[in-house]
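Dear colleague,

Please find below the structure that I am handing over to you. My notes on it follow directly after.

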Amino acid sequence: METGAGLLHRLTSYSGDREWDVPADDPRVRHDLRPNDPETSPPQVKGYPDGLPVTPLPREWPDPGVAAADVLSGHAPPAQPLDAAHLGRVLFLGAGVVRTMTRDGRSMLFRAAGSAGARFPLEVYAVTRAVEGVDDGVHWYDPVAHALVRIGPPTEGDTTTLVVTGVPWRTGWRYAERGFRHLYWDAGTLLAQLEAAAAAFGPRLRTVFPDAQVTALVGADGVHEFPLALLTLGDGAPAVVSTGPATPGDLPPIEFPLVTQAQRAGDQAGPGGPWPTGDPVEAVVESDTLDAVIRRRGSQRRMDRTKTLPRESLTWPMAAALRGVEIPHWVAVHGVDGVAPGIYRWPDLEHPIVPGDLRSELERVSLGQSLSAEAAYVVIAAAPGAGLDDRSYRTAQLAAGLVEGRLHLAAYAVGAGATGMTFLDSEVPALLHEPEDLVTLLFTCVGVPEYKSKAGGSPGDPVTVRRVMPRVVD
């Protein structure tokens with residue numbers, strides 16, 4: 001806890017004796033940046049010089065008609081060849097701009113995948129191999145134009161690979177150094193949608209890879225942008241061996257040294273294998289198509305605490321979300337039919353660790369945010385600190401985000417709503433009756449929506465939405 005990711009985790013942990021937006025009293029944390037300063041708000045997407053080759057992606061494609069419940073349960077649709085339209089669909093359903101809002105005179109872009117504070121501190125690159133209608137090469141996905149900008153030459157490797165990178169300042173502008181966690185949470189949420197949309201192409205997730213090699217591949221610098229994960233669209237070796245330099249994009253040169261050190265402490269030089277896909281589970285619910293569910297999903301801001309969810313709206317989303325993931329999870333049940341209120345360690349829903357109505361306690365532990373009390377249940381991801389090193393800490397945070405993203409889709413598939421939630425790190429171990437070294441990763445609130453969000457728009461035609469504020473509790 002004195003170096004690398006452990007030090008960052010300790011210095012960015014929330015406790016009851018300090019407001020969440022007050023930095024720790026430590027010289028290694030930046031104190032000269034004012035959070036949420038409109039004058040320093042970073043651009044929402046990267047910029048590239050004019051003149052690079054651009055491949056517009058098709059803006060219309062037929063809905064494959066695959067039920068979201070089937071895909072999330074691990075039942076892949078029939079395999080099909082990858083072309084520009086299919087690749088565009090995958091990219092749009094993960095990182096495309098689906099909604100917009102004007103706030104304080106500025107236009108905000110909301111992506112298909114959720115992000116804490118609507119910061120979306122991520123970039124996506126498609127390293128293409130034999131994609132019909134797209135030249136081989138390294139391409140940056142332009143989410144506004146729904147196009148591929150070629151920034152690098154063709155690579156060595158077998159399989160078209162999506163590279164997800166993180167931009168620390170884009171989320172640090174609001175959350176300071178704690179934004180390092182948000183990079184991996186948001187990457188996991190994005191990857192949940194990318195892998196679901198790419199189910200017909202055999203997606204495989206990798207979080208162990210040669211960091212310096214992949215950083216150079218996409219023209220990042222390892223400080224203001226660095227790679228978080230790879231998603232290959234097939235079983236072959238990732239196409240990440242560069243044959244020439246990439247054109248770098250423009251990003252504000254603002255650094256959090258603590259974040260840079262934490263990231264570099266976990267860097268590795270060699271490749272690793274893909275994550276296990278996990279055994280399929282039974283899809284016990286009917287749902288709309290995956291495309292429809294992704295367009296409908298949002299971050300629910302208000303839930304109806306007087307209403308409950310059926311038991312299968314807890315058990316199926318959890319089983320689907322945790323396929324292939326070994327990070328421990330707990331469930332705080334407030335209003336689920338057939339499950340007594342209390343905190344349970346998944347998958348045991350018969351023997352609560354802490355019985356009784358815990359709405360007020362969950363609200364307190366989540367910094368007074370009302371959704372943790374309004375939800376039908378709250379899922380808590382956490383892992384023993386003793387089992388984590390600098391690399392596995394990153395992997396654990398991303399895994400928690402992946403589960404949150406899958407839970408989000410599963411909730412909307414069953415007609416519920418969901419939102420991610422932060423927390424008082426200092427209070428969670430005692431709440432779960434776990435040792436103090438427990439590293440809390442992420443909360444996900446699932447419940448009955450109090451309002452219905454507008455479905456997201458199409459490429460180049462996002463819908464305009466208004467701001468919905470969480471309920472204020474006296």
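Leaving aside its neighbours within four places in sequence, which residues is L251 in contact with? They are K46, V167, R170, H224 and E225, where contact means heavy atoms within 4.5 Å.

Before the remaining findings, a note on the basis of the values. This is a predicted model, in which local features need pLDDT of at least 70 and side-chain atom pairs count only at pLDDT 80 or more, while totals for chains, interfaces and linings use all residues. Residues are numbered from 1 along each chain as its sequence is written, and side-chain values use heavy atoms, with hydrogens and water left out.

L251 is located in the loop between β9 (226-233) and α7 (257-265); helices (H or I, at least four residues) and strands (E, at least two) are DSSP runs, numbered from the N terminus. With a relative accessibility of 22%, L251 counts as partly exposed. The scale here is as follows: buried is under 20% relative accessible area, exposed is over 50%, and partly exposed is in between (1.4 Å probe, protein chains only). P43 stands 208 residues from L251 along the chain, yet the C-alpha atoms of the two are separated by 7.9 Å.

Salt bridges

The structure contains 22 salt bridges, a salt bridge being a side-chain nitrogen of Lys or Arg within 4 Å of a carboxyl oxygen of Asp or Glu. Three of these pairs are described here.

The side chains of D26 and R28 form one of them, at 2.9 Å from N to O. D26 is buried, at 12% relative accessibility, whereas R28 is partly exposed, at 37%.

A further salt bridge joins the side chains of R89 and D291, at 2.8 Å from N to O. R89 belongs to helix α3 (residues 84-95) and D291 to helix α8 (residues 290-296), so this pair ties together parts that are 202 residues apart in sequence. Both R89 and D291 are buried.

R345 and E434 also form a salt bridge, with their closest N and O atoms 3.9 Å apart. Since R345 lies in strand β11 (residues 342-345) and E434 in the loop between α13 (428-432) and β15 (438-447), the pair ties together parts that are 89 residues apart in sequence. R345 is partly exposed, with a relative accessible area of 37%, and E434 is likewise partly exposed, at 26% relative accessibility.

With kind regards
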